[in-house]
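The structure comes first and the text follows.

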Amino acid sequence: MFTSIAGRSVIVTGGSKGIGKGIAKVFADAGAQVLIAARDEAGAAAAAAELSAGGGSVSFVVADVRQREDAQRMAATAVERHGGIDVLCANAGIFPDKRLTEMTEADWDLVMDTNVKGTMWSVQACIAPLEASGHGRVVITSSITGPITGYPGWSHYGASKAAQLGFLRTACIELAPKGITANAVLPGNIMTEGLAGMGDEYIEGMAGSIPLGRIGDVADIGHAALFLASDEAGYITGQTIVVDGGQVLPESLEALAAARG
Ligand code: NAP
């Protein structure tokens, strides 16, 4: 049995939609006090209201993680509302499709600023309260795309998701003397509002390429984050957990077909 996380103060960046909302729900259902951060106020307010209606303690702050001042205000808001910060889930990220031949400097910078710099500002802003908690946890949402796989249109995105892990491996050493662990979850294909809009045929085709035979649920990522935030994961730092239903493992589609007989 894991030690309860009830009452702990948790920030989830990008918690208004998709995976972040799923992470926020898992923590809220476990009794944590959750602050979600996003740019769109209406979306963040709606998500906080929906998650609170389920009995959770969830509020929101409007913040753009690309801006250092916003990240600092986000951290200050959590301290003000919850009395501190125990867990930062640095999840906010974007994945616009752009082929290499069409890539502009603005395309590249937007993805790097959001996914890499936004992660760094979020972590930096939370360091002092995470240290004060005595059991600070950072959980970064990276991806299989970049660190392990590639996908046409996502060279900038893949670079940003791999960069998050490079950041992690030094950040965790700097954070260790402060009693803070930092780890990353690498999702495969996860069912979010965006993916649902791709249609049943696309989703069935995608599910067929995954050994466990289904697209992941946002709660699958939330549960991995909850584990990394637990007291019992206190000796794990600088590590990654792939949560992809085995997607990256088959050497070929034939290998997958052979397993299914
Ligand atoms: P999503 O549904 O588009 O949600 C993205 C969230 O991030 C929203 O809450 C969005 O709110 C917020 N956000 C975007 N830019 C922001 C900024 N500059 N400042 C603050 N918040 C910002 O995306 P998702 O699919 O859940 O992806 C979440 C994370 O999981 C990303 O890091 C992504 O790389 C990773 N991931 C996703 C998948 C997948 O299958 N979906 C797979 C692997 C990894 P606003 O727009 O209101 O700011």
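Arg-8 is buried, at a relative accessible area of 14%, where buried means under 20%, exposed over 50% and partly exposed in between (1.4 Å probe, protein chains only). The model is predicted: local features need pLDDT of at least 70 and side-chain atom pairs count only at pLDDT 80 or more, while totals for chains, interfaces and linings use all residues. Residues are numbered from 1 along each chain as its sequence is written, and side-chain values use heavy atoms, with hydrogens and water left out.

**Salt bridges**

The side chain of Arg-8 forms a salt bridge with that of Asp-231, N to O 2.9 Å; the term stands for a side-chain nitrogen of Lys or Arg within 4 Å of a carboxyl oxygen of Asp or Glu. Arg-8 is in the segment before β1 (9-13) and Asp-231 in the loop between α8 (218-229) and β7 (240-243), so the pair ties together parts 223 residues apart in sequence. Helices (H or I, at least four residues) and strands (E, at least two) are DSSP runs, numbered from the N terminus. Asp-231 is partly exposed, with a relative accessible area of 31%.

The structure holds nine salt bridges, among them a pair between Lys-98 and Asp-107, with the closest N and O atoms 2.8 Å apart. Lys-98 counts as partly exposed at 25% relative accessibility. Another pair joins Arg-214 to Asp-220, where the closest N and O atoms are 3.0 Å apart. Both partners are partly exposed, Arg-214 at 45% and Asp-220 at 25%.

**Ligand surroundings**

The ligand has 29 residues around it, of which Ser-16, Ile-19, Arg-39, Tyr-157 and Lys-161 come nearest; a residue is near if one of its heavy atoms lies within 4 Å. In this shell, α1 (18-29) and α5 (155-175) each supply at least two residues.

| Residue | Ligand atom | Distance |
|---|---|---|
| Arg-39 | oxygen | 2.7 Å |
| Asp-64 | nitrogen | 2.9 Å |
| Lys-161 | oxygen | 2.8 Å |

Taken alone, the ligand exposes 880 Å², and the protein buries 91% of that; the areas come from the Shrake-Rupley method with a 1.4 Å probe. The space taken by the ligand is the largest pocket. A pocket is an open set of points on a 1 Å grid over the protein atoms alone, with protein on both sides within 12 Å along at least five of seven lines. A molecule sits in a pocket if more than half of its atoms lie within 2 Å of its grid points.

Notes
Polar contact = N/O pair within 3.5 Å; in protein donor to acceptor, adjacent residues only side chain to side chain. 1 Å grid on protein atoms, 1.4 Å probe; cavity = no way out; pocket = protein on both sides within 12 Å on 5 of 7 lines; lining within 4 Å.
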